[in-house]
Structure formats: structure tokens, C-alpha cells
Amino acid sequence: MRATRPLHTPPTKVAILGAGRGGTALLDLLHQIPAIDIVGISDRDPRAPGLQRARDLHIPVVDQIDDLLQNHHTQLVLDVTGDPTMDQRLRREVRSGVDVLSGSASRVVWELVQHESALQAELLHAEKLAGIGSFAAGIAHDINNPLQLILGLAENLAEETDLHTVHEQAREIIDAVKRTTAICRDLTSYARRSAAHQQSLVDVNTKLDDALKIARYAVAFQDIEVVKLYAPDATIPGNPDELLHVFVNLITNAVQAMERGGTLTLRTMIQETVVSVQVSDTGCGIPPDLFNEIFEPFFTTKPPGKGTGLGLYNIKHVIHQMHGTIAVTSDVGVGSTFTIALPRTTPV
Ligand SMILES: Nc1ncnc2c1ncn2[C@@H]1O[C@H](COP(=O)(O)OP(=O)(O)O)[C@@H](O)[C@H]1O
Ligand SMILES: [Mg+2]
């Protein structure tokens, strides 16, 4: 199933005038809303940033503003050009029955959009930090082991007179310190705020491996067998930090669903236009009537401290921003599979 709501009314057809910061922010938000259909965007400046973004999203870029105003599908014109003469022109040229939002009204819409996107970023970060709270036990364990080793070696060194042994133990101490540093590095890179719209070619298999390492701090992998079925060279363009977050969440959910142990299967598949990532478990499963609800904010069946109910909600948001899809299949008592499909190339 797709995590989208059924449509009850036909979408409102919106034309956007202006592809500067305001127009781009509007595009980013409105194109995600099923109840809104963007018929096109226009800007006097052919290099305006929103025009490229529109092409990426398969939204028509219209050279002449007139063409957009005359488009007989348009129901609402959003003017974010910031051009004071535009208001009068719109009054003259817009067909009757078409609503126009311009001047301070469209400014308010733009402020709301900015506010929403800032909130979304905060939510993503807050949920990640809430998750990191549960890492404490795992981290303490993993750092304590090398620390104990360092202590033992240092105690020996204090009495050791053989130079060869001193060198050898010093090297062991260095290795142990490097291991603890690696743990800290993994975690600080996970905890940092991900840069918005940061894009690069992401190696999906490596990201899944990184996520597995981090998820081990979040949940105990007791009696869990991990099976990896990776297609070689599975790469996609995307935001690496956000993808890592998505995978950590899916793996954590899968392991939490297998309280009495089981098999966690991570699979990547390269298809014609997408790379698919499947995270499967042999856990408690999800009743079909909850398939939609689990993607809602704050829906959780876990006790406080174990779940925030924001994981899947954030995942859905990140995946949609990357123009991908997420689907779930599940059998109660048998297990669940979450499948993410991400475009292999940035849409042009
Ligand atoms: N792999 C899974 N197996 C069973 N139930 C799951 C699985 N993944 C998610 N769920 C259900 O969906 C709910 C919401 O998940 P999520 O949004 O990640 O929030 P949280 O994990 O904080 O509860 C979970 O509480 C759980 O009931
Ligand atoms: Mg979760």
C-alpha cells in the first residue's frame, strides 16, 4: 500500500508566478500535497532557482506568464514575484472565476510554508535525538570494553621493563583508543543535523551497513540473525544523512518487533528506474487495519522511552522528498517487510 490518503475531491489546480526563494519553497511543499496539482510555474528570469527545481519534479515550466494565466485548467494563481505591478496585471488578465493570491496574502502563505519546512526539519532532528537517548547502554558497553583493556595494559606498562613488550602494549593501547574514537565518530556523524537538500551519490549497501552498526546501539540484537542480500553497486542520488536515518529507523523497528529473536533480512535490488531496499523481519507483524496509521505522527504501540511514533512519519517524509515510495506488507505473527523504492537518477 502507498502511504497516501485517498482523494475525495479533485485536486485544486495552482499556477505559481515567481521562481525565486518563495516560488521554490512553495513548489517543494505543494507538490507533496495530493489535493494540489501545480499546472505550471513561470519567471521572467530563466535562471531562477525554482525553474530547475520544477523540472526535477516534472512540473511544467512556462516561458510566458500569459500562457500560464490563459491555461484554462488554472483555478488559483499564486503570485510570489514580489513585483508590485503584477497585482494590476493579474486583475486585468486573469480569467473570471480564477482566484488570485498576491501581495501580502501570498507573503503570508510563503511565511507559513517556510515555517512548516523549518518545523519538519526540527521534527526530524528531535526524533533522531530522542532515539539517541536509548543508545546510552550500548555505547557504555562498547566504550567500556576498550577502556578496561587500556587500563589493564597501562597497569602492566607501569611495571614492564622489557622494551619489546612495552612497544607491543603501546600499540595495543593505540588500537583500543582508535576503536573508541571510531564509535564516537559514527555517533556524532549520525547525531548531527543533516544539511537540507545536500545531495550526493549514495552507496545504498554501505549505508545499510552503517545503519546496522548504529542500530546495534539503539536495540539489543539478541538471537537475531542478520542476512544481507545486496545487489552490487546499488547507488542512488540522495541525502546520505537522511538515508542513514531512514535505515536506522527501519532496522530498529524490525529488531524491536522480534522480541524473542528471529531473522533480519536486508535486501537491495536494482530495477530499471529504481533501487529498491527491503528491510524484513520475522517479528510480531502488523494488522492490516493499521497499515495507514503506522505512518501517522505519534502513532506507537511501544512504551514511553522505546518509541516516539515519529519514525515512520519522518521516513515517509524523507522518502517522498527524494521522489521515492514506501510500502509495507505484513502477516501478524509471521513478520513484516518494508520496501523503499528510490529513483536511480534525479528526474530531469
Ligand atoms: N517492523 C515492524 N513490525 C511490527 N510493527 C511495526 C514495525 N515497524 C513499525 N511497526 C509499528 O508501527 C508503529 C510506529 O512505528 P514508528 O513510527 O517507527 O514509531 P515507534 O517505533 O517510535 O513506535 C510501531 O509502534 C509499531 O507498532
Ligand atoms: Mg520506530
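Hi everyone. Let me start with how I read helix axes: they are lines fitted to C-alpha atoms, over the stretch in contact, and angles run from 0 to 180 degrees between N-to-C directions. Helices (H or I, at least four residues) and strands (E, at least two) are DSSP runs, numbered from the N terminus.

A word on the source. This is a predicted model, where local features need pLDDT of at least 70 and side-chain atom pairs count only at pLDDT 80 or more, while totals for chains, interfaces and linings use all residues. Residues are numbered from 1 along each chain as its sequence is written, and chains are lettered from A and ligands numbered from 1 in the order in which they are written.

Now to the pair H9 and H10. Their axes come within 10 Å and cross at roughly 145°. The crossing of H9 with H10 is left-handed, a label used if the near helix is turned anticlockwise from the far one by less than a right angle, with right-handed used if clockwise. On the H9 side the contact is made by Glu 242, Val 246, Asn 249, Leu 250 and Asn 253, and on the H10 side by Gly 311, Ile 315, Val 318 and Ile 319. Contact here says that C-beta atoms, placed from the backbone, lie within 7 Å. Sorted by type, the residues of this contact are five nonpolar, three polar and one charged. For the sorting, Ala, Val, Leu, Ile, Met, Phe, Trp, Tyr, Cys and Pro count as nonpolar, Asp, Glu, Lys and Arg as charged, and the others, Gly among them, as polar.

Which residues of H10 are buried? They are Gly 311, Leu 312, Asn 314, Ile 315, Lys 316, Val 318 and Ile 319. Buried stands for 20 or more other C-beta atoms within 10 Å of a residue's own, exposed for 12 or fewer, and partly exposed for anything in between, again with C-beta atoms placed from the backbone. The cover over those H10 residues includes H5, H9, strand E10 (325-331) and strand E11 (335-343). After H10 comes His 323, with a positive phi near 60°.

On to the ligand. Around ligand 1 there are 21 residues, and the closest are Asn 253, Ala 257, Thr 300, Gly 307 and Gly 311. Helix H9 (240-256) and helix H10 (311-321) are the elements that give two or more residues to this shell. The test for being near is a C-beta atom, placed from the backbone, within 6 Å of the molecule. The shell divides into nine nonpolar, ten polar and two charged residues.

There is another helix pair to show you. Helix H1 (residues 21-30) and helix H2 (residues 49-56) pack at about 20°, with axes 8 Å apart. H1 and H2 are therefore roughly parallel, the word for angles under 35 degrees, with over 145 being roughly antiparallel, 65 to 115 roughly perpendicular and the rest oblique. H1 and H2 also cross in a left-handed way. Gly 23, Thr 24 and Leu 27 of H1 meet Pro 49, Gly 50, Arg 53 and Ala 54 of H2.

Last, some backbone spots. Most residues other than glycine have a negative phi. His 58, in the loop between H2 and helix H3 (65-70), has a positive phi of about 60°. With 11 C-beta neighbours inside 10 Å, His 58 counts as exposed. Asp 233 also has a positive phi of about 60°, and its loop runs between strand E6 (224-229) and strand E7 (235-238). Asp 233 is exposed, with 11 other C-beta atoms within 10 Å.

Note on methods: Contact = placed C-beta atoms within 7 Å.
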